[in-house]
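Please look over the sequence and the model shown below before reading on. The report then goes through a few of its parts in turn.

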Amino acid sequence: MVSEEVNSKKQRNEECFINRLPRDLIERVFLRLPVSTLLMCVGVCKPWQNLIWDPQFVTLHLKHASRFALLFFRKESVAGERHPSDAVLIDEAWSQSTYAVPVVGPDDILFGSCNGLLGLYTKTSSIKIANLATGECLRLEKPVKNLKGDHFSFYSFGFHPLTKEYKITHFLGDCVEVRPQNKDRFNFIQVYKLGDETWKDIRTPESLSLNCVRNSGTINVDGTMYWLTEDMAANWQHAVMSFDLGKESFARIQLPASVPEDCASGGSRRYWIREIDGKVSIATAQTYPSQPRRLVGELQIWALDNKAEQRWSHKYNMQAIDYIPGPNLAHGEKLLMQCCDGNLYSYEFLAENVMSKVLKMVKLLDFSPYKPDNMQSYICVKSLVRLDVYKKAGIVCRPNQRDGWELEKWKAWQLLISKMEELWSRVHQKEHESIASLQQLRIQLNGLLPHVSDDSIRQQIGMKIGQKFPVFPDQQPRSLRRLNLVEQKRDIEALHARINKHVEIVKGVTQALGSISSMIHSVIQDQVGASSSNAVISSQTQSEGGDAVET
């Protein structure tokens, strides 16, 4: 009882001491901590909880947050095998994440990222907004249920820095039944503000191309959404459309006046709208005539320097790579490019003149068997932004780790993962058994050493027995968390390497101990032979001595 009172008094004194620290001092320390650590600090005491969840602190922490490249791979089927949607994070030091992102289900498709929140499209009647770091998830009803021809690329997600509002936009395609001739056009953008109860339709200034949206992409920069549309009168036959999320107004931006030169061996020219270092950028290149999704010739990248004056600058000119990820084309000072060999590369311009073709290319990861044109790249952060403040408009929950995985189509994938874990368990068990078996053999060999009479030989054999003991790699505990696609492949390679290493070590040690065993038996046999010879010689000597006495 006395001990409990002492501990309680000590705890109160410590809490009083913490509460007496200046708030700005604690805040400066907390601003340097990652979200994962802050989520643990929330449970330490009430003052810390209030500080961490304070909206002003959340905003400040967001400004200090490190940036990641989020590489998202959409679900697909390759050679009859289903592969779920997956994601890999690359931090500012270019280190890659190990585990899958829990908020991403096997059928989810990413359509936007801002302030640590991910917009996830599903085939169901709802979409998801999820916090990458906290795992909080908000489910919202789609503007139109079971819409024919709907596509994840028709959705976008952004944040306006002045109004502090998060908005989801949806390009509403013209109804095929009503306007069959306009099936690839749209005249309305549907807008939903987080916290509202309904979507609202906003008419576009003209009929716009859905194909351009699907093929060229959509970006959000500083509270404005941008995409490409057709403009046959323009030099590039395209123009940039923008939609201000705050004012909910449209604008058109003309592309550069200079026309890219086509090479004779190239096919049609493609255009993409991308974000590079917070700027609206346009990438363009020709395609192979026989493979319209692969690029040939030179890739040109232009950046919008002044929106009001519609002034562009030519930023990069390089040999075209096979595929261009997006909507974010760069991480830090390096461009991200995909090749048809299943690898993702980073490209760094070495010369001061960005028009130089001198590049440093570094392989980042192997994303096979996912297809090259099936990857999206976003710049994201890990934040404390809360979604429960918007719960009146949807269902806020923590993601169920089994959400989506219970479907029949993913049972084969889960069985594969289970078999992998079973193999790892069996390999570890075999290593233990091998160690025990070889240890027993060592004991048996050591038991024979006393029969070796020569001290020098006995010592040498004893040293060899001590040296020949199997040493396997450390057995690290297996995590219950699912690995991402890149780490899964490395894990499989590590498993195969460990199995081969086990066979090699056991074979080598067994042969060595077998050789030592043969050596011991040979020495003992030599000793027995020598002893027998000595006995015969001794007997003969004694016999000859007796004969001499009789004589």
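## A residue in a strand

In which strand does T229 lie? T229 belongs to strand β14, which covers residues 224-230; helices (H or I, at least four residues) and strands (E, at least two) are DSSP runs, numbered from the N terminus. T229 is buried, with a relative accessible area of 2%, where buried means under 20% relative accessible area, exposed over 50% and partly exposed in between, for a 1.4 Å probe and protein chains only. Leaving aside neighbours within four places in sequence, T229 is in contact (heavy atoms within 4.5 Å) with L208, S209, C212, Q237, H238, A239, M241 and R252.

## About the model

This is a predicted model, in which local features need pLDDT of at least 70 and side-chain atom pairs count only at pLDDT 80 or more, while totals for chains, interfaces and linings use all residues. Residues are numbered from 1 along each chain as its sequence is written, and side-chain values use heavy atoms, with hydrogens and water left out.

The protein has nine helices and 26 strands, and buried residues make up 45% of its 551 residues. Of the contacts with a separation of 6 or more, 56% are between residues 24 or more positions apart.

Helix α2 (residues 23-31) packs against helix α5 (residues 55-64) at an angle of about 40 degrees, and their axes are 10 Å apart; axes are lines fitted to C-alpha atoms, for helices over the stretch in contact, and angles run from 0 to 180 degrees between N-to-C directions. That makes α2 oblique to α5, since angles under 35 degrees count as roughly parallel, over 145 as roughly antiparallel, 65 to 115 as roughly perpendicular and the rest as oblique. On the side of α2, E27, F30 and L31 meet F57, L60, H61 and H64 of α5.

## A residue in a helix

C41 lies in helix α3, residues 35-41, and is buried, with a relative accessible area of 11%. Leaving aside neighbours within four places in sequence, C41 is in contact with W48 and I52. The C-alpha atoms of C41 and I52 are separated by 8.3 Å, and these two residues are 11 apart along the chain.

## The nonpolar cores

A nonpolar core is a set of buried Ala, Val, Leu, Ile, Met, Phe, Trp, Tyr and Cys residues joined through side-chain atoms within 4.5 Å. The largest one has 50 residues, and those with the most contacts inside it are L70, I129, F157, I168 and L194. Apart from this core lies another, of 20 residues, among them W272, A285, L329 and C339.
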